[in-house]
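My entries follow the order in which I looked.

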Amino acid sequence: MKKVFMSLDTEGLSGLTSWKEMTDDPTAAGKAYIRELQWILDELFQAAPELEEVTICDSHARGENLPYGVFTDPRVTMISGYPRQDYMLATLDASYDMLMLVGYHGMIGSKYALMDHSYSSSAIYNVRINGVAVGETELNCYYAATFGVPLGFVDGDDVLEEELKHTGLKPAFVRTKEGLGRFAAKLYSPGYLEPRFREAVRKAVSDCKASRLPVIKAESPTTLEIDVMTTVMADAVEMIPGVTRVGGRTISYTSASFRDIMHIILVTALLAGRYHDYR
């Protein structure tokens, strides 16, 4: 086991219940990251001392939540900034042994999921792959699977935990909180969470080394459908080459390349988001 890739979101992080918290205190996400990442990195390097690189991909908003230099171990690299190719999985390739999703959340529309959305809270309402609604966890796993990289670890709220039970994925999971609404949760203390994070990381490493982590790909060719928030967003997105409009707010795209599928999602979020307040 030589390389691990960590994609970081914020909504599933311990101690956070709303985007307003992060707006009022721009360091809030960074503080939550640092706490959880320190537990994860400590156990990773103990359980797999042979590791040569752990890539931390800051993937919430513009990817500027984690301060540079907070982790000084020379084996840690960091992806920061926006826009960038492949966004939440920028630079991931077949050289990595395992994917870890830190601070992830339930898909858009999930009851009581904390800050639920699917790649864009302002532009995208739903994403379907071959007719099945999916969230960021499944999408990123499908993309990682194109390189043969399995998902080994996830942390987030109880809604995401339940959603994962229906995917066939079997990561070590840490429940960081219980959703009581989009911006309300029952929170667990750091003292309660730390041993659970450390245990889950050890399990993920063990499962990875024993090849017990499934690599689940989307069926190919893959048909993507996206429901955007408004019809004017669909007016704009349907001009993307290869995209067809199949409803007032729904666009469709089919490809044998899941990287192309991911890029359509990312471009849709980028383009449609420009029309969030369009009048």
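The entries below record what I looked up.

**Basis.** I worked from a predicted model, in which local features need pLDDT of at least 70 and side-chain atom pairs count only at pLDDT 80 or more, while totals for chains, interfaces and linings use all residues. Residues are numbered from 1 along each chain as its sequence is written, and side-chain values use heavy atoms, with hydrogens and water left out.

**Entry 1: Glu36.** I located Glu36 in helix H2, residues 28-47; helices (H or I, at least four residues) and strands (E, at least two) are DSSP runs, numbered from the N terminus. I found Glu36 buried and without a salt bridge. Buried means under 20% relative accessible area, exposed over 50%, and partly exposed in between (1.4 Å probe, protein chains only). A salt bridge requires a side-chain nitrogen of Lys or Arg within 4 Å of a carboxyl oxygen of Asp or Glu. The nearest side chain of opposite charge is that of Arg35, 5.2 Å away; Lys and Arg count as positive, Asp and Glu as negative, and His and the chain ends are not counted. Leaving aside neighbours within four places in sequence, I listed the contacts of Glu36 (heavy atoms within 4.5 Å) as Leu13, Ser14, Val102, Asp155, Thr176 and Phe197.

**Entry 2: strand E10.** I noted that 5 of the 7 residues of E10 (222-228) are buried. I then asked which strands pair with it, pairing being at least two bridges found by DSSP. Strand E5 (residues 124-129) pairs with E10 in the antiparallel sense over 5 bridges, and Leu224 of E10 is the bridge partner of Ile129. Strand E12 (residues 250-255) also runs antiparallel to E10, joined by 6 bridges; here Thr223 stands opposite Thr254.

**Entry 3: salt bridges.** I recorded a count of 22 salt bridges. Glu52 and Lys2 form one of them, at 3.9 Å, N to O. This pair spans 50 residues, from the loop between H2 and strand E2 (53-58) to the segment before strand E1 (3-8). Glu52 is exposed at 52% relative accessibility, and Lys2 is partly exposed at 39%.

Glu43 and Arg202 meet at 3.2 Å, N to O. Glu43 is buried at 7% relative accessibility, whereas Arg202 is partly exposed at 41%.
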